[in-house]
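The following note collects points on the structure shown below.

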Amino acid sequence: MSIVVEVEGLHKAYGPVRAVDGVSFTVEQGEVFGMVGPNGAGKTTTIECVEGLRRADAGRVQVLGLDPRSDRQALAERIGIQLQQASLPARLRVGEALTLFGSLYQKTSSPRDLVERLGLSDKWSAPVAKLSGGQRQRLFIALALVNQPELVFLDELTTGLDPQARRSMWDLVREVRQQGRTVLLTTHFMEEAERLCDRVAILDHGKIVALDRPEALVRSLGVESRIVFTVAGDARDLPLASLAGVQRVEASGERVIVHGSGDQFVSRVVSALEANRIAFRDLRTEQPTLEDVFLSLTGREMRE
Amino acid sequence: MRGFTNLTMASFKLYLREPIAAFFTMAFPALMLILFGSIYGNEPSPMFGGHGTMDVSMPNYTGLILGTVGLLSIPITTAGYRELGVLRRFRATPMRPLTYIAADVCTNLLMTIVGMLLLLAMGWALYRVQFEGRIVSYLAAVVLGCLAMFSLGYVIASLAPGARMAQVVGMVIFYPMLFLSGAGMPIEILPESVRKISAFLPLTYAVNLLRGMWFGEAWSAHLKDVAVLAVMIVVVGGVAARVFRWE
């Protein structure tokens with residue numbers, strides 16, 4: 001696997017505020033790498049330093065073997081950028097925007113194919129101002145893909161979108177990845193990071209507090225899972241508390257919640273129930289999420 | 001180069017779709033023409049050396065157009081694009097910043113010329129205005145005047161925090177020029193004391209040069225106008241390049 005992005009000891013301050021305070025990470029070719037964290041954690045500043053739009057105070061950044069500041073032009077040809085805050089002239093039409101931006105690059109995709117792929121075909125002649133939030137975001141992704149980039153930056157891709165539009169953005173990102181492009185994205189939705197990213201860096205106060213595959217992050221912290229089920233009859237005195245991996249059993253009426261962790265936690269509980277011939281129904285497991293990881297790392301809730 | 005051409009063409013189309021901008025560059029001078037034409041007509045007048053009021057108004061209103069574009073259109077659009085993040089989006093492409101500015105200057109120049117042609121066509125249709133100069137000289141005066149006024153426009157755009165403020169500042173600078181530079185009304189009808197103020201307004205020199213070139217006067221008779229405009233282009237243009245902000 002070759003390395004596409006290399007960031008080492010990145011620092012950036014705005015006045016007294018240390019927006020990025022010693023961030024280091026690498027992104028490998030073909031992966032979806034996510035930076036997650038609350039607003040103000042330093043995600044956008046980091047990504048903009050990598051894109052070459054912002055000058056870092058200190059640290060080393062290399063992207064596709066280039067220096068984002070001194071080789072800006074050459075790098076811009078090979079990357080696609082979806083900015084968190086950007087817009088187009090209100091009266092510019094979708095087709096015109098894609099044709100115009102395509103003409104700014106040496107290598108381009110056909111605008112017609114792009115609108116087709118992004119489900120904007122019937123909006124070809126629509127002015128930008130008349131697009132819905134989701135359509136607008138699709139257009140901005142199309143602009144980010146117009147030069148067939150090797151590396152795509154997506155900054156807060158789904159902020160402000162409704163759940164359905166968000167899901168369809170996720171499908172788009174997966175498609176971009178399948179085409180062999182590397183994706184570096186930021187989000188403050190933990191669920192988004194969990195679903196899309198091969199690896200995730202959790203940022204807080206300008207520092208990376210954890211970096212790994214989402215499942216590994218969840219597992220490594222030993223954050224507990226929950227098994228919830230209903231039994232017929234009294235739920236007290238179930239022989240579960242003594243099982244390996246079980247931390248706590250909560251029972252109220254017929255409802256049981258078992259807290260625990262470990263790889264075999266669920267199977268142990270289920271086999272114990274079966275061995276004791278206890279009938280259960282409506283069993284579901286609640287896996288810890290990155291949300292829980294963030295909470296346990298920082299002691300704070302992620303707020304949207 | 002392809003980027004420059006496409007951006008210029010796209011911006012030009014956008015300009016035409018922007019009703020307010022199009023109104024001020026095209027309809028407003030035409031309205032002035034009709035209004036003052038109906039008051040004064042175009043009879044030869046000793047005040048204008050035997051030319052009619054409308055003959056004189058052609059270069060004046062051309063100056064009005066370039067003042068409008070430079071001091072209102074450019075600051076409002078550029079500051080607005082910056083505020084909304086349009087400039088950011090362009091910056092994320094390999095396009096060189098200079099290409100963007102060049103295309104923008106070109107678009108506005110085109111707009112000014114289109115507005116001017118419309119004005120001249122109306123002037124000819126309604127009042128048979130007489131052009132006595134050389135087309136090349138007149139166009140050169142237009143370009144010179146444009147570059148000077150546009151430089152000022154980009155400075156306003158960069159210093160103003162947003163589009164609204166850019167509009168206010170543009171208007172504060174534009175309105176005195178409209179009345180006192182000879183663009184909105186012939187400078188001859190202003191009292192002597194007011195004309196002293198005119199000498200401080202850059203548009204005055206543009207209008208003066210345009211009038212000279214309209215009536216076929218020699219460039220040598222307008223060295224002062226050319227010098228003032230050239231200094232403005234260099235100095236104010238230099239400032240504009242220094243203070244230009246993408247975000």
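1. His188(A) is found in the loop between strand 7 (182-187) and helix 7 (190-196) of chain A; helices (H or I, at least four residues) and strands (E, at least two) are DSSP runs, numbered from the N terminus. With 21 other C-beta atoms within 10 Å, His188(A) is buried. A residue is called buried if 20 or more other C-beta atoms lie within 10 Å of its own, exposed if 12 or fewer, and partly exposed in between, the C-beta atoms being placed from the backbone. Between the C-alpha atoms of His188(A) and Leu157(A), which are 31 residues apart along the chain, the separation is 9.9 Å.

2. Basis of the note. This is a predicted model, in which local features need pLDDT of at least 70, side-chain atom pairs count only at pLDDT 80 or more, and totals for chains, interfaces and linings use all residues. Residues are numbered from 1 along each chain as its sequence is written, while chains are lettered from A and ligands numbered from 1 in the order in which they are written.

3. Confidence. For the complex, the predictor gives an ipTM of 0.88 and a pTM of 0.86. The average pLDDT (the predictor's confidence in each residue, from 0 to 100) of chain B is 92, and 100% of its residues score at least 70.

4. Overall form of chain A. The chain contains ten helices and 13 strands, and its C-alpha atoms fill a box of roughly 70 × 45 × 35 Å along the principal axes. Of the 304 residues in chain A, 42% are buried. Two residues are in contact if their C-beta atoms, placed from the backbone, lie within 7 Å; among contacts in chain A with a separation of 6 or more, 69% come from residues 24 or more positions apart.

5. Domains of chain A. Domain 1 covers 3-219 and domain 2 covers 224-287, with bounds that come from an automatic or database domain assignment. The C-alpha centres of the two domains lie 42 Å apart.

6. Strand 1 (residues 3-14) and strand 2 (residues 17-28) of chain A run antiparallel and are joined by nine bridges; strands pair if DSSP finds at least two bridges between them. Leu10(A) of this pairing stands opposite Val23(A) in strand 2. Two residues lie between the strands of the hairpin, and Gly15(A) in the turn has a positive phi of about 60 degrees.

7. The pairings of strand 8 of chain A. Strand 3 (residues 32-36) runs parallel to strand 8 (residues 199-204) of chain A, with four bridges between them; Phe33(A) has Arg199(A) as its bridge partner in strand 8. Strand 8 is also joined by five bridges to the antiparallel strand 9 (residues 207-212) of chain A, where Lys207(A) is the bridge partner of Asp204(A). Strands 8 and 9 of chain A form a hairpin with two residues between them, and His205(A) in the turn has a positive phi of about 50 degrees.

8. Positive phi in loops of chain A. Gln148(A), a residue other than glycine, has a positive phi near 45 degrees and lies in the loop between helix 5 (133-145) and strand 6 (151-155) of chain A. Its count of 13 other C-beta atoms within 10 Å makes Gln148(A) partly exposed. Glu156(A), also other than glycine, has a positive phi near 55 degrees and belongs to the loop between strand 6 and helix 6 (163-178) of chain A. Glu156(A) counts as buried because it has 21 C-beta neighbours inside 10 Å.

9. Helix 1 of chain A. Nine of the nine residues of helix 1 (residues 43-51) are buried, among them Lys43(A), Glu48(A) and Glu51(A). Just after this helix, Gly52(A) takes a positive phi of about 90 degrees.

10. Helices of chain B. Helix 6 (residues 135-159) of chain B has 25 residues and reaches 36 Å from its first C-alpha to its last, close to the expected 36 Å; the expected span is 1.5 Å times one less than the number of residues. Helix 6 of chain B is largely enclosed by the rest of the structure, because 18 of its 25 residues are buried.

11. The contact between the chains. In all, 19 residues of chain A are in contact with 18 residues of chain B. On the side of chain A that touches chain B, the elements giving two or more residues are helix 2 (72-78) and helix 3 (94-102) of chain A. That side comprises twelve nonpolar, four polar and three charged residues, where Ala, Val, Leu, Ile, Met, Phe, Trp, Tyr, Cys and Pro count as nonpolar, Asp, Glu, Lys and Arg as charged, and the others, Gly among them, as polar.
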